[in-house]
Amino acid sequence: MKIAILPGDGIGPEIIAQAVKVLKVLDLPLEMETALVGGAGYAAHGHPLPESTLKLAKQADAVLFGAVGDWQYDSLERSLRPEQAILGLRKNLNLFANLRPAILYPELAGASTLKPEIVSGLDILIIRELTGDIYFGKPRGVRVATDGEFVGDREGFDTMRYAESEIRRIAHVAFQAAGKRSKRLTSVDKANVLETFQFWKDILIDVHNEYPDITLEHMYVDNAAMQLIRAPKKFDVIVTGNMFGDILSDAAAMLTGSIGMLPSASLDAKNKGLYEPSHGSAPDIAGKGIANPLATILSAAMMLRYTFSLPQEADRIEAAVKKVLASGLRTADIHVEGTTRVGTEEMGNAVVQMLN
Ligand code: IPM
Ligand code: MG
């Protein structure tokens, strides 16, 4: 059970330290090795995803990832920016299935910007395809247009594309996930405008034949964005492409009040996975000891559940987090009147204490 620990930039090292602490008290035969990634990788080795880091990630059974990105690297050329580290890991490790749960803990209902009755009890799962779509499609770049209304003008361009097998494999992940929950799946597309997503929809309908007990619904992405805000509890499992999933998962995260609470898993076909909090590196609060480590701790729980098939250990961590919230401890991002404000390390220690 080898884990590559990649803390990254900003608050990454602080939150990862808490998750590692939690994993250690479980007393499992875990082997952990740390490496630099993102801006930290660039600073030390001249690349956001150094060769040695990629090698470690490939050898490991799972990757626990903090966050990448810092303002000081924003002016670098695209291929050297910290974000390339996470994109490169997803592509190189074939982590095509991104699971992003959005769960509202009852204790945090007041933290949402939506009315409590709209969000209380929210528990949805967004499954985002992660290695295709316009994110990776080629060709892409800037060129001089040789046709169309703006011929001779410079233009930026990207390519949206999905192979049939790519759609099929994420569809299977989604139908199976729905089978373990409410047996309802919403596929989000833009089939009314885009060829790629008409094709996506056709393949989803075909794969559905293999899962007759699941109810499949199709929704255009604009409508899905609206419904997520209007009546989020009507959803259970959502499956969509890389770009729509990027956008909708941020919206879903905010329904719960704090992106600081949400873990994520990115899996390959054999359940090797990269686990990371849904939030970013938050350079504005880095080093202050105030970041919320719970999304990372919950990501470690997902790792035990999906890669190491240790659901009971995962449950234990999740239960400890719930107890800590019930006890009234809050980091700054979820703090409200009447609760006790704590820092990153105190929050990690509290989870450890609840585990014992
Ligand atoms: C995410 C992030 C990444 C993405 C960025 C950092 C490349 O927004 O994981 O959602 O767009 O996939
Ligand atoms: Mg995103």
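Predicted model: local features only at pLDDT ≥ 70, side-chain atom pairs only at ≥ 80, totals over all residues.
User: Which residues of helix H3 are buried?

Analyst: In helix H3, which runs over residues 51-59, the buried residues are Thr-53, Leu-54, Leu-56 and Ala-57. They lie on the same side of H3, because the arc they cover around the axis is only 160 degrees.

User: Why would residues three or four places apart point the same way?

Analyst: An α-helix has 3.6 residues a turn, so residues with that spacing point the same way.

User: And what sits on the face of H3 turned away from the buried side?

Analyst: That face carries Glu-51 and Lys-55, and both of these residues are exposed.

User: Switching to Lys-2, where does it lie, and is it buried or exposed?

Analyst: Lys-2 lies in strand E1, and it counts as buried because its relative accessibility is 16%, where the cut-off for buried is under 20%.

User: Which side chain does the Lys-2 side chain meet in a polar contact?

Analyst: The side chains of Lys-2 and Glu-33 are joined by a polar contact of 3.3 Å. Leaving aside neighbours within four places in sequence, the residues in contact with Lys-2 include Glu-31, Leu-56, Gln-59, Asp-61 and Phe-308. Among them, Leu-56 is one of the buried residues of H3.

User: OK, domains now. What does the assignment give?

Analyst: The domain assignment gives domain 1 as 1-96 + 268-356 and domain 2 as 97-261. To the contact, domain 1 contributes 20 residues and domain 2 contributes 21 residues. The C-alpha centres of the two domains lie 23 Å apart.

User: How much area is buried between domain 1 and domain 2, and what share comes from carbon and sulfur atoms?

Analyst: About 2,100 Å² is buried between domain 1 and domain 2, and carbon and sulfur atoms give 66% of that area.

User: How many salt bridges and how many residue pairs in polar contact are found across that interface?

Analyst: Across the interface of domain 1 and domain 2 the rule finds 0 salt bridges, whereas it finds 4 residue pairs in polar contact, with both residues at pLDDT 80 or more.

User: Which helices supply the side of domain 1 that touches domain 2?

Analyst: H4, helix H10 (294-306) and helix H11 (311-326) each supply at least two residues of that side.

How values were computed
Residues numbered from 1 in each chain as written. Chains lettered and ligands numbered in written order. Heavy atoms only, no water. Buried < 20%, exposed > 50% of the residue type's maximum accessible area, 1.4 Å probe, protein only. Helix = DSSP H or I, 4+ residues; strand = E, 2+ residues; numbered from the N terminus. Arc of directions from axis to C-beta. Domains from an automatic or database assignment. Contact = heavy atoms within 4.5 Å. Buried area = accessible area lost by both parts, 1.4 Å probe. Salt bridge = Lys/Arg side-chain N within 4 Å of Asp/Glu carboxyl O. Polar contact = N/O pair within 3.5 Å; in protein donor to acceptor, adjacent residues only side chain to side chain.
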